[in-house]
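Me: Hi! I'm new to this one, could you walk me through it?
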There are 2 protein chains.
Amino acid sequence: MVGVIGVNYRIFKALAKNGISVFLVSQASSENSTSIGVRNADADLACEVLNEEFAKEIEMGEISPIQAEKNLATVAIVGENMKHTPGIAGKLFGTLGRNGINVIACAQGASETNISFVVDSKSLRKSLNVIHDSFFLSEYQVLNLFICGIGTVGGSLIEQIHSQRQKLMQENGLQLNVVGIADANKAMFSREGFDLGRFREELQEKGKDSSLETLRNEIIGMNIFNSVFVDCTASAGVASLYKDLLLHNVSVVAANKIAASSEYENYRELKQIARQRGVKYLFETNVGAGLPIINTINDLIHSGDKILKIEAVLSGTLNYIFNKISADIPFSKTIKMAQEERYSEPDPRIDLSGKDVIRKLVILAREAGYCLEQSDVEKNLFVPDDFFEGSLDDFWKKVPSLDADFEARRKVLEAENKHWRFVAKLENGKASVGLQEVGANHPFYGLEGSNNIILLTTARYKEYPMMIQGYGAGAGVTAAGGFADIMSIANV
Amino acid sequence: MVGVIGVNYRIFKALAKNGISVFLVSQASSENSTSIGVRNADADLACEVLNEEFAKEIEMGEISPIQAEKNLATVAIVGENMKHTPGIAGKLFGTLGRNGINVIACAQGASETNISFVVDSKSLRKSLNVIHDSFFLSEYQVLNLFICGIGTVGGSLIEQIHSQRQKLMQENGLQLNVVGIADANKAMFSREGFDLGRFREELQEKGKDSSLETLRNEIIGMNIFNSVFVDCTASAGVASLYKDLLLHNVSVVAANKIAASSEYENYRELKQIARQRGVKYLFETNVGAGLPIINTINDLIHSGDKILKIEAVLSGTLNYIFNKISADIPFSKTIKMAQEERYSEPDPRIDLSGKDVIRKLVILAREAGYCLEQSDVEKNLFVPDDFFEGSLDDFWKKVPSLDADFEARRKVLEAENKHWRFVAKLENGKASVGLQEVGANHPFYGLEGSNNIILLTTARYKEYPMMIQGYGAGAGVTAAGGFADIMSIANV
């Protein structure tokens, strides 16, 4: 058909004679085909009359038989300022694409204040929301957040979003909508977003019973644009949802360490899917809560620096314990105190076994470019292995038996003016965790409370490592770290 | 014309009868207008025959007179995998928009492997490059970098880009092209990007004489997509180009502190233009070189934290001087050493006057949300004001007169086991810089060499501030900080 004059004439003649109204025409410059939008009711007739009109050409193989595609929706966007405003089509189609919506056909004319596109009718609602968001009709970029887990961290995050929403809209043109909230039992969803003033009560009142499967299906089924799943749980089940969510163009922000510290292959796959889908999988808070550690390592690596050594105190709980231990407070008591002050996990053996620190170290090592599994980390623990068997009650009964030995070692340490720190180390690709005695000149010596500290020795930060220190746990700072991940998805 | 059957029929009949070939048709669903692409040579005839065909309707005011828009180019993209691949139109139009290219008309049909769009012919070349980049034809995202200043920092940055290019392409799908390199006298540009192996020689050989104006015109004139201007100079002239570049959709990464520390109104305007244009204005290296300081403050602020206090040692030069001063090395000698070791500016008075630290503090304060000018910073200097008048030679002659007094104070300090630190402080919105005596328990006490340190006390990091420490100067780490800014523009 290329260069053949009169084909369009014949198309529209046939349609006009049969009283078929055409509401969209799109013929791209290859001149190989013309697409026409007609009402569903007219579709069969349109095919029939066109097949008749071009019967000869179809028989000769010059033109393919005319086909109707159904279950489509046409969206038209109209606005005075569209013409000669660069970027409107870009904003529109960019957001459609990022949200996995396939544009089947589109038409925008030169003298127009109108752009039309055709999508599968199942994508109509999402498309309308996308347009409202990204088009000139809305001055804000929107992120739609699903927040899973409303314990201290998740609750804090929701409060931070609640208090920052107005400011982010005004100053950054970013609108954060919380469109889903879930705890271990209940979940609630709203396309319009929740008023966050009393989300706990609302979840109790309006939330429906929820399981991992309903959570997954609901989020994917909502098919909402620019969506981010924020995991503030410590649940392996919730972590198992990431892959499916990423595959459906939902970004994932995880305070939950389980996925990033799971088998290397799983970690790699999640990162790869995110990259392929143009969405993000971020977990800055997995190490050092709100401290800028993982991003900093990423930045160093990208610019070609090499992480030669990582030395870090990454357990707020263990740092608290070894800061509290004294002639008056025996080892077993410090563990109890850490539990009571909520520094430790409900089962403090998760901290004492080093498991939490090992996970963090594995994540850091991987981000630093090393292919490491948890089992590769050498463990030098300070509680005998058999204390971790049996029930928590058994543990509490047995642990005071360690006090005398700890006190003896502590006295020696005190005399030498040294402190205990539970140190995670990566050097030459070899990872280890263990108790270390540090003197007054060591950067870890003065580490107070439940603080974390990390020293990064790199090809460039060699004589003096880069050092980052601060709270390594706590609801507010951890939530803020998750907030930073969310902002980096918005990239405003 | 809405719902009127037969208009298209008449359009194409008139065109066909007059032998006019139509290569693009776009009628969006408002049914208000139809756009038709014809050859330039046919344009006038097309208008004539259509005006004739619809003369009656035009007279009645039902149809506007037919108009031709000229100097346009039609771009067609063809590919087997386009159909039903979400995001292709998005990627395409997204990049076009981000690069300031206005799509005048577009057409994509349902059965097609083809999408066509019309642009101003002046934008044709840029459009083709954009397509090559963002479309499925290229698997890489491209950033086109103009690097201004190839001293230690700029040179290092180019070397880092050179060594990282391959890896970023493979692992991050990002292609960094250096399309322009300039020093104070010469500049060279290449749309294809330079081989970075011997950029210094090449600039000498191929570079053309350059001025601020030619630099600006060349960059804007190249009209290249996804472009980033990287300022590794300390020039006020170069900083004065940012506004124009941002207005032309060129992102700016500045190691140069001048713009961000200039009048608040100028700083605010640059940030605002960047936001409006959807490009970035970043300057992480302005404070603490490659240390993650400005981004961290941004992240805290976004999540609703409040910066209550900033205490920092931000001058590597001054820290070096106060670490070197001793019974054997008088004050004046340490300044000379700092100059010789290239820690200080060629004119060390820029460091000694606190100007460099004041600029950094102003930038931090602004990022922390305070509206501060350099003149608002209280200065408690350690060199009398009149030392800064006159020539550099005068200064070198006069400065030994301070040695005796410094030595007397130093002895007292030594006896008290204290160190001098030149501290920048922001508290309750009030900023000051000055020499401070810190004892062994102070986090600044042990700050070695030319390191920087920053303590951020916030609403959340309150009992223990967040602390970031490491090299605050040096070509490699500063370049790496600029690299991190570039990566954040790519947002891969």
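Reply: Happy to! One term to start with: contact means heavy atoms within 4.5 Å. This is a predicted model, where local features need pLDDT of at least 70, side-chain atom pairs count only at pLDDT 80 or more, and totals for chains, interfaces and linings use all residues. Residues are numbered from 1 along each chain, chains are lettered from A in the order in which they are written, and side-chain values use heavy atoms, without hydrogens and water.

Me: What do the buried residues of α11(B) pack against?
Reply: They pack against α10 (242-247), β12 (281-282) and α16 (355-367) of chain B. Helices (H or I, at least four residues) and strands (E, at least two) are DSSP runs numbered from the N terminus.

Me: Which residues of α11(B) are buried?
Reply: Y267(B), L270(B), I273(B) and A274(B). Buried means under 20% relative accessible area, with exposed over 50% and partly exposed in between, using a 1.4 Å probe and protein chains only.

Me: Why are they on the same side of α11(B)?
Reply: Because they cover an arc of only 130 degrees around the axis; the arc is that of the directions from the helix axis to the C-beta atoms. In general, an α-helix has 3.6 residues a turn, so residues three or four places apart point the same way.

Me: And what follows α11(B)?
Reply: G278(B), whose phi is positive, near 70 degrees.

Me: Switching topic: how many aromatic pairs are there over all chains?
Reply: The search finds 33. Rings of Phe, Tyr and Trp (its six-membered ring) pair if their centres lie within 6.5 Å; planes under 30 degrees apart count as stacked, over 60 as edge-to-face and the rest as tilted. One of the pairs is F12(A) with F12(B), stacked at 4.9 Å centre to centre and 15 degrees between the planes. This pair crosses between chains, from helix α1 (residues 7-17) of chain A to helix α1 (residues 7-17) of chain B.

Me: Is F12(A) buried or exposed?
Reply: F12(A) is buried, at 2% relative accessible area, and F12(B) counts as buried at 2% too.

Me: Last topic, how many disulfides are there over all chains?
Reply: The count is zero, a disulfide being a pair of cysteine sulfur atoms within 2.5 Å.
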